[in-house]
Every structure is written in C-alpha cells, then in structure tokens.
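I opened the notebook to record what I looked up in this structure. The entries follow the order in which I looked.

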Amino acid sequence: MRQSRALPYILISPSLALILAFVFYPTLYGFQLSFMRMIPLTGEFEFAGLENYSALLGARELWESARVTLFFGVQYVAVVIILGFALALIMNRKPRAMGLYMTLIFVPWVLSDVVASIIWRILFNQQIGIIELTMRNFPFWPKLGLITTPQGALWVMVLLGLWRGLPFAMLLLLAGLQTISRELIEAARIDGASSWRAFFSVTLPLMRSQALVLLLLASIGAVNAAATFLAVTQGGPGRYTEVLGLFLYRTGFQFFRIDHGSTIAVMMFLINLSLTLVYLRAFRSEYRL
Amino acid sequence: MGVLGLGAGVLAVACAAPPTPTPVPPPKPAPAAPTPAPKAAAPTAAPAAKPPAAKEPVKARMWVQGDPKDPGPVAQLRNVTFVNEFQQKFPNIKFELEGVSERIDLKLFVTAKAGDVPDITMYSGQMQQNHAFAGTLTALDDYTKAEPKQFIEDLFWIETETTKSTLDGKKYGFLYSVHARGMWRRKDLIPDAPKSWDDIIKHGKANANGTDKWGFVFFGQKPWSIEVEYGPFVWSQDGKLSDGKEGRAVWANDEVYNAVKLHRDFVHEHKISPISTITAGFGDAWKLFLTGQVAMCVQGTYGLNQAKNTDGKALWDAGKLEFDLIPTKDGNPEKSSRNFGNGWAWGIPKGAKYADAGWEWIKFFSTRETQVRWSLLEGGLPIRPSAWDDKAFELPIYKKFRQAVEKGARPMDLWRTYIEAIETVGAAVEEATLKPDTDIKKILKDSQDAFNGKYFK
C-alpha cells in the first residue's frame with residue numbers, strides 16, 4: 001500500500017527535478033537579482049533594495065514600451081477573439097473543402113517565429129513587398145510605406161500576430177462550439193430567437209470557459225511578445241514598436257544589464273499574474289463547484 | 001510560463017556570473033585626432049617561430065563566429081585552410097574550433113567570469129574598451145616585446161588604436177583585417193568626387209526622381225548606423241558622442257544636431273533619399289546602390305567583393321563604381337574627413353590554459369602573407385602597410401581604400417557600455433529623422449540625459 005502511494009511521486013520526480021532546477025530556481029534567482037545592482041560588464045552584484053524598480057519605473061523607455069505593449073495587446077486580443085469566433089462559427093457549419101481550409105488556415109501557426117517574421121518583412125518591403133505595392137494604390141495607404149511609420153509599423157505587427165494567432169483561436173473556439181448540443185440552439189429557434197439572439201443568449205454563454213482560456217493565453221502572449229518584433233522591426237522606427245519583451249531582451253542580453261533585465265522580467269510576471277487574477281475573478285462562476 | 005521561461009533565460013546567463021573582480025580605474029582620454037600612420041616599414045618577415053613552451057601535444061580551444069563547418073569560402077579559409085597550415089607549422093598544437101553566434105563578445109563577458117574560456121577568440125574590435133573594462137582579455141605586451149620591433153611598427157594606427165585599451169595603454173589583440181568606410185558613387189552619374197555636404201545635396205537632387213531613383217541612400221537602422229553613417233558626419237566636424245573619459249554621453253551638441261538634421265533633410269526636404277532608408281538595414285541600403293537605383297552610398301571598403309562579384313558586378317565591370325573619402329561640412333575631406341575604422345580581432349582570454357598557442361595563432365594570422373590572402377577573400381584590408389605592396393592591391397581603388405584607412409579611420413568614442421550607448425543614441429536619431437518637423441535637439445537631450453542618468457549620478 002505504501003509503495004503504491006509513493007509510486008506516483010517517484011514517477012514524476014525526474015520531471016519535477018528538472019522543473020525545479022531549470023524553472024523555479026532560475027525564477028527565484030531572477031527575483032533575487034531584481035534586488036541587486038550589477039556593475040556593468042564586471043559580473044559583480046551588490047544588494048540594492050528597490051533601486052532597480054525605482055530606476056526603471058522612472059525611465060521613459062519602460063513606460064513607452066508599456067504603452068506600445070498595451071496598444072498591441074488590446075488590438076490583438078480583441079480582434080483575435082472576434083475573428084476567432086467568426087472563423088469557428090463558419091467552420092462549425094462544416095463547409096465543403098473544410099479540410100483544405102483548415103490546412104491553409106493552420107500554415108501560419110506551424111511556422112516558426114523567425115520564418116513568419118521574414119515572410120512578413122518581405123510582404124511589406126518598400127520596394128518589393130506585394131502587400132505594400134498593392135495597397136499603395138489605395139488612398140488611405142501611407143504613400144511612403146506602412147512599416148516605416150510608427151503607427152503603421154505597430155499595425156503591421158498586430159496583423160502578423162493575428163495571422164499567426166488566429167488558427168489556434170479558431171481551433172479552441174471550434175472545439176467549444178462542437179460541445180454545444182444542437183438541441184439547445186433548435187429549442188431557442190423554436191421559441192422565436194433569431195440567429196443573432198441564439199448566438200448571444202445560448203452559444204456565447206456556453207463558450208465562457210473557452211473564451212476565458214483564449215483571453216488568458218492571448219493576453220499573456222501579447223505581453224510576452226518579443227521574437228517577432230525583434231525579427232521584423234527591431235523595435236523601430238525609433239522605439240515605436242519596442243514592446244516590453246523586446247525591451248527586456250535588449251536590456252538583459254544586448255546591454256548586459258542582468259539586474260535591470262531581471263527586474264523587467266519580474267514586472268512582466270506581475271502584469272501577467274494580475275491579468276490572470278482579473279480574468280479568473282471576472283469569470284469566477286465557471287469555477288464554482 | 002512564458003514570462004518564467006524568459007526570466008529563466010536571463011537568469012541562466014546571470015547564473016554563470018560569479019562575483020567580484022577588482023574595480024577598474026577610470027579610463028584615460030582617447031586621442032582627439034588620428035595621428036598619421038607610421039611610414040610603411042620594409043615588408044615584415046614572419047617573426048621567428050617561437051617553439052611552444054612545452055613539446056607535449058596541446059589541444060587548444062578556438063572560438064570563431066558562426067559555424068566552424070560553414071562551407072563558405074571565407075569561413076573555409078579561416079577555419080580549415082589556415083588552421084591546417086598552422087598545425088603543419090606547429091605539429092604539437094591542435095585547435096578545437098567552437099562556433100559562437102554573433103554575440104561573441106557577450107559570451108566572452110559571461111564565460112570569462114565563469115572561468116571557462118578558450119585559448120584564442122575572435123572579438124569585435126569596437127568592443128575593445130568594454131573588454132578592457134571587464135578584464136576579459138590578456139594584455140599582449142609581454143608577448144610583443146619578445147618580437148622584432150617591426151612586428152609592432154608595421155601596423156596601421158587604426159589597428160593599434162582599436163586593439164589597445166585606452167584604460168591602461170596596453171594592447172589586447174590584433175585585428176585580423178581593417179574595415180574603413182567611404183562614399184561609394186556612380187562615376188557615370190557623378191564624375192567628380194563630392195567633397196562637401198552641399199555636393200551631396202546637389203548631386204543627389206540631380207539623380208533623384210522621388211520614386212525609384214535616389215541620389216543618396218544610407219544605412220539608418222539603429223544601432224550600427226551610429227558607427228557607419230552618423231559617426232563620420234559628426235567626427236568630421238570635430239564633434240563627439242562621448243566625453244572620452246568616463247563614457248558619459250555628450251551627444252546633445254551642435255555637431256550631432258548638424259549631422260542628424262542633414263540626414264533628415266536628405267529625406268524630407270531635398271528628397272534625395274527614400275524614407276525607408278531611415279530604418280534600412282545594413283544590406284538593404286547597399287543592395288539598392290549596387291542594383292543601380294542610387295547614385296551615392298556610404299559603405300565599407302569590404303563592399304568591394306560584393307560589388308565586383310555579386311550584386312554590383314554589372315556596374316563594376318562597366319567601370320561605373322568609385323570610392324572616395326566621405327564629404328565634409330567644410331568641403332575639405334582630405335583634411336577633415338573621418339570614417340569608422342574597425343574590424344574583428346583575435347585576443348587571448350584571461351585565464352586561457354594555452355595562451356602561448358593563442359599567441360602563435362595571432363602571429364601566424366598577422367603575417368604579411370596571411371594578411372594578403374585573407375584580405376583579398378574576406379574583403380577587409382591588411383593590417384600591415386607592408387602588405388599593401390603586394391601586386392594584389394594594384395587596383396586604383398585600393399589606393400583610395402588606403403587613403404580612407406590612413407587619413408580618416410578612427411574608432412568609436414569611448415563607452416563603458418558600448419552597445420547600450422549606440423543603441424540609445426541610434427534610437428533617438430531614428431526618431432529625430434522620421435518626420436520633417438521633429439525637435440532634434442530635444443530628442444537628443446532627452447536620450448542623453450536618460451543614458452547618463454543610468455550610469456552617472
């Protein structure tokens with residue numbers, strides 16, 4: 001009996017050891033480093049209390065990055081949920097050639113960040129980008145190129161995020177739609193509800209769990225976004241697309257300010273934690289037993 | 001989990017950093033102006049091969065940029081041909097090559113603190129000051145003293161200045177080629193070399209149509225734009241980016257303002273440059289020039305190989321490409337023109353187990369013969385004036401290259417945190433050039449104060 005109780009713990013202990021060694025320990029060390037001051041390039045640390053937090057919270061670059069991240073996050077999360085729902089509803093009707101559509105929709109999702117970023121850069125290239133050259137014929141398109149303007153560059157990144165994030169959003173929501181009994185929808189229709197009414201009053205409330213998961217994952221992904229920004233715009237022009245993740249990377253790995261990098265990482269962790277708690281509270285009815 | 005993973009990555013790097021080296025004294029001022037290069041000495045004979053300290057086999061570690069098995073000709077020449085030739089000369093020394101990604105200097109900072117260093121490594125010449133500050137490299141003075149005098153005298157000033165620490169005057173490495181910059185132009189469109197900023201504007205306007213033909217294109221993307229493009233325009237006015245003593249930013253000055261405004265006006269007022277050039281990457285601007293869409297472009301001497309052999313072959317074969325000193329505000333480039341001189345360097349990390357083997361490699365790589373072969377393929381220029389006597393450098397353009405090396409090449413201003421400094425000012429410059437009505441002085445001042453506020457209380 002004792003052996004059978006211990007067995008699960010024995011079986012998970014290698015994974016647990018790896019997680020402790022490579023996730024928890026570095027994380028705790030990171031928290032510690034956020035309270036230390038590093039003399040540049042020397043590797044020497046000394047206790048600094050809240051100095052790093054104070055310095056970064058007083059730094060214009062941090063607030064600019066936060067503002068950029070907020071703009072990116074709000075646009076991305078809102079649109080990916082709305083479009084994700086739209087696509088999921090379409091796919092739920094099982095259109096003809098659904099397999100082909102699903103394959104095409106999923107291509108951007110399976111690409112790596114770097115490959116997707118390179119494709120995006122080429123598409124919006126001033127001289128040869130097919131999207132850039134095509135859209136330049138429209139009056140609303142900036143004459144000198146979308147990606148060279150601050151707002152334009154950020155929208156290019158939102159579009160890239162959507163291009164890659166939409167497949168997963170659709171898949172998650174489609175899975176939720178497929179668990180909803182058709183009889184419920186039919187019953188609503190029999191009672192006189194229109195399609196829109198049935199969607200908002202029946203379908204949507206039953207999708208709260210999936211919506212919460214998508215909201216959480218999309219928000220955390222938006223806060224942590226860095227690789228695509230590094231590959232497409234490098235945070236430019238100027239610092240107009242330098243999101244928090246990129247600011248962290250630049251500070252920690254390019255400027256070699258490990259202390260400040262750790263502090264930014266802790267701040268991002270706290271932002272993600274706060275978002276998670278807010279969402280869980282807002283959707284708490286899903287979790288009541 | 002994403003944040004934790006990101007934090008784990010940062011911290012895994014931090015975990016490698018043990019504490020407490022000795023504090024470093026403040027840096028001595030860098031020289032204000034280049035001294036003329038020493039007169040070319042007689043061709044340097046290969047220094048007498050000093051046998052390794054012990055005859056027992058030595059397996060030494062060498063760090064190189066990129067994949068050691070890269071099949072490209074330049075990598076093959078360095079990693080295979082030269083290594084084999086060296087090992088034939090020194091049969092008891094075997095090099096184990098380890099490939100490092102581009103941030104080789106960062107890896108060196110980290111592993112030096114961990115004590116896990118190779119015996120010889122490449123590093124970025126312009127990061128020399130940071131390496132000296134961090135104490136990552138072995139001073140080579142004891143080694144060089146044992147060599148013939150010519151071994152040190154037969155070096156260009158820019159080579160020595162780049163590989164010498166301004167903190168203690170010691171030499172810490174040898175460049176393995178010199179890179180200088182200048183103004184490339186289309187001779188068929190602009191027969192005479194532009195000498196002044198007004199000339200750039202005049203010729204630029206004559207060759208720009210605002211859509212697909214441009215007068216001047218520059219590499220504007222931060223942070224390296226500060227080295228290649230903006231720095232020369234500042235230095236030619238005797239301007240500064242740092243104070244040259246502590247690494248304090250002083251870039252909110254008239255010379256930097258003039259340089260930034262000039263580039264902003266190229267785009268917005270004179271319309272000789274496309275707006276995309278403000279964020280153009282290293283290869284983007286040069287490619288535009290080589291494919292015939294641009295009349296002038298500041299680029300390195302290393303652009304020659306690409307011009308001759310690939311993208312610019314048609315123009316080169318037609319004799320349409322020329323290289324000159326970067327024009328100056330006063331119109332006297334022979335006297336005032338400056339350009340960013342640098343290169344990759346070889347150094348021996350502090351604590352290397354087989355430092356003598358590393359030194360033999362440095363000597364081997366810096367001989368006249370090796371320099372000629374390497375420079376012709378890699379596209380850099382030899383570090384020794386004597387190597388220029390070789391027939392391979394008879395092309396007239398090489399005389400212009402040598403002029404750029406001797407007359408105007410200089411290293412970057414002194415920075416304690418090199419990348420952060422040029423990244424900060426680079427971002428400010430990008431922002432200042434994006435629109436025609438930006439307050440350049442305020443942008444420069446804000447970024448200067450933000451940088452200094454981090455390091456100087």
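**Entry 1. A strand and its partners**

I looked up strand S1 (residues 58-65) of chain B and found that it pairs with S3(B) in the parallel sense over two bridges. Helices (H or I, at least four residues) and strands (E, at least two) are DSSP runs, numbered from the N terminus. Two strands pair if DSSP finds at least two bridges between them. Strands of a sheet pair through backbone hydrogen bonds, either parallel or antiparallel. Across from Ile120(B) in S3(B) I found Met62(B).

I then turned to strand S10 (residues 344-347) of chain B, which pairs with S3(B) in the antiparallel sense over four bridges. There the bridge partner of Ser124(B) is Trp344(B).

I noted that this is a predicted model, in which local features need pLDDT of at least 70 and side-chain atom pairs count only at pLDDT 80 or more, while totals for chains, interfaces and linings use all residues. Residues are numbered from 1 along each chain as its sequence is written, chains are lettered from A and ligands numbered from 1 in the order in which they are written, and side-chain values use heavy atoms, with hydrogens and water left out.

**Entry 2. Burial of the strand**

Is S3(B) enclosed or open? Five of its five residues are buried, so S3(B) is largely enclosed by the rest of the structure. Buried means under 20% relative accessible area, exposed over 50%, and partly exposed in between (1.4 Å probe, protein chains only). Ile120(B), Met122(B) and Ser124(B) point one way from the strand, Thr121(B) and Tyr123(B) the other way, and all are buried.

I picked out Thr121(B), which lies in strand S3 (residues 120-124) of chain B. Its relative accessible area is 0%. Contact means heavy atoms within 4.5 Å. Setting aside neighbours within four places in sequence, I listed the contacts of Thr121(B), among them Trp63(B), Ile104(B), Leu108(B) and Trp346(B).

**Entry 3. An open sheet in chain B**

I looked up a sheet of four strands next; it is open, in the order S6-S7-S5-S8 (chain B), with mixed pairing. Strand S6 (214-217) and strand S8 (321-324) of chain B are the edge strands, and each pairs on one side only. From one strand to the next the twist averages 20°. Strand S5 (residues 181-186) of chain B runs antiparallel to S8(B), and four bridges join them. Arg185(B) stands opposite Glu322(B) in S8(B).

Helix H11 (residues 282-290) of chain B packs on this sheet and touches S5, S6, strand S7 (294-300) and S8 of chain B. The direction of H11(B) makes about 140° with that of S7(B). Axes are lines fitted to C-alpha atoms, for helices over the stretch in contact, and angles run from 0 to 180 degrees between N-to-C directions.

**Entry 4. Two helix pairs**

At what angle do helix H9 (residues 225-235) and helix H18 (residues 418-434) of chain B pack? The angle is about 60°, with the axes 10 Å apart. H9(B) and H18(B) are therefore oblique to each other. Angles under 35 degrees count as roughly parallel, over 145 as roughly antiparallel, 65 to 115 as roughly perpendicular and the rest as oblique. Ile226(B), Glu227(B) and Tyr230(B) in H9(B) meet residues of H18(B) including Ile422(B), Val425(B) and Val429(B).

In chain A, the axes of helix H10 (residues 208-224) and helix H13 (residues 258-282) come within 10 Å and cross at roughly 165°. H10(A) and H13(A) are therefore roughly antiparallel to each other.

I checked helix H12 (residues 244-254) of chain A: nine of its 11 residues are buried, so it is largely enclosed by the rest of the structure. Phe256(A) follows H12(A) and has a positive phi, near 60°.

Arg416(B) sits in the loop between strand S11 (409-410) and H18 of chain B. Is Arg416(B) buried or partly exposed? Arg416(B) is partly exposed, with a relative accessible area of 31%. Arg416(B) and Thr438(B) are 22 residues apart in sequence and 29 Å apart in space, C-alpha to C-alpha.
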